[in-house]
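These are my notebook entries on one protein chain. I wrote down what I looked up, in the order I looked.

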Amino acid sequence: MLHSFLLEGTSEENCLAMLHLALSCNASSLFSKALSIASSNLKAAVRHGSFVWYSTPLDTVVAIIRSAAKQAGRQASDPFEIFQAVVSWVSFNCKCPGAGNKAMAKFIEHIDLPRMKMKELQYLLDEEPMVSHLIYAYSFTANYMSLMNGLMQMQQIRGSQACVEKLARAYLALCM
């Protein structure tokens with residue numbers, strides 16, 4: 001009875017809280033419904049549950065982003081909104097630059113950057129601090145790697161490189 005009440009009461013205002021509840025109670029049907037609502041209404045879900053969004057575990061955020069990106073062809077969140085949600089989560093949760101780069105690398109593969117408008121991509125490349133940091137980290141780490149060969153730095157450059165290259169490909173595709 002409680003389970004059906006929770007399923008019926010799940011909305012964009014509380015879907016992130018329901019995701020947390022489903023994770024803690026191992027309730028797969030509640031998790032599926034909350035995930036579906038969060039991914040199809042990502043901007044509203046983050047706005048209504050910002051504190052809950054910031055406390056959502058990395059794996060769950062990846063699942064939401066992956067699901068939102070798959071639904072994007074229908075009527076779900078656009079890639080720019082997905083990117084903004086990711087940046088807000090990474091900025092809040094990853095205080096160490098290397099951790100932020102690794103998290104962005106996990107997220108960026110699920111965001112359909114070529115579907116962004118030219119002005120959105122230009123904003124990301126010119127104005128978004130997280131992207132500026134990724135580009136700086138990529139160039140700094142590439143220069144550092146030419147001097148010092150270390151496994152940890154190589155992992156950091158791969159994450160930054162993947163993000164920068166995907167943004168650049170999307171931008172170039174729109175320019176052509």
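Entry 1, terms and ground rules. I take helices (H or I, at least four residues) and strands (E, at least two) as DSSP runs, numbered from the N terminus. With that settled, I found T10 in the loop between α1 (2-9) and α2. The model is predicted, so I noted that local features need pLDDT of at least 70, that side-chain atom pairs count only at pLDDT 80 or more, and that totals for chains, interfaces and linings use all residues. Residues are numbered from 1 along each chain as its sequence is written, and side-chain values use heavy atoms, with hydrogens and water left out.

I looked up the secondary structure and got 11 helices and zero strands. Of the 176 residues, 43% count as buried; buried means under 20% relative accessible area, exposed over 50%, and partly exposed in between (1.4 Å probe, protein chains only). I then looked up contacts, where contact means heavy atoms within 4.5 Å. Among contacts with a separation of 6 or more, 69% are between residues 24 or more positions apart.

Is T10 buried or exposed? T10 is buried, with a relative accessible area of 7%. Not counting residues up to four places away in sequence, I listed C15, M18, L30, K33, A34 and I37 as touching T10. N26 sits in the loop between α2 and α3. N26 is not a glycine, yet I read a positive phi of about 55° for it. At 70% relative accessibility, N26 counts as exposed. S32 is part of helix α3 and is partly exposed, at 44% relative accessible area. I also looked up the C-alpha atoms of S32 and L19: they are separated by 8.4 Å, and the two residues are 13 apart along the chain.

Two packed helices are described by the angle between their axes and the distance between the axes. Axes are lines fitted to C-alpha atoms, for helices over the stretch in contact, and angles run from 0 to 180 degrees between N-to-C directions. For α3 and α6 I noted an angle of about 60° and axes 8 Å apart. Therefore α3 and α6 are oblique to each other; angles under 35 degrees count as roughly parallel, over 145 as roughly antiparallel, 65 to 115 as roughly perpendicular and the rest as oblique. The contact uses F31, L35, S36, A38, S39 and S40 of α3, and T60, A63, I64, S67, A68 and Q71 of α6.

Helix α6 (residues 58-71) and helix α7 (residues 79-93) pack at about 170°, with axes 11 Å apart. That makes α6 roughly antiparallel to α7. I listed L58, V61, I65, A68 and A69 from α6 and I82, V86 and W89 from α7 as making the contact.

A nonpolar core is a set of buried Ala, Val, Leu, Ile, Met, Phe, Trp, Tyr and Cys residues joined through side-chain atoms within 4.5 Å. The largest one here has 42 residues, and those with the most contacts inside it are L42, W53, I65, F83, V90 and F107. Which helix gives the largest share of this core? I found that α7 does, with eight residues. Last, I looked up F83: leaving aside neighbours within four places in sequence, F83 is in contact with M104, I108, I111, L113, M116, L124, E128 and V131.
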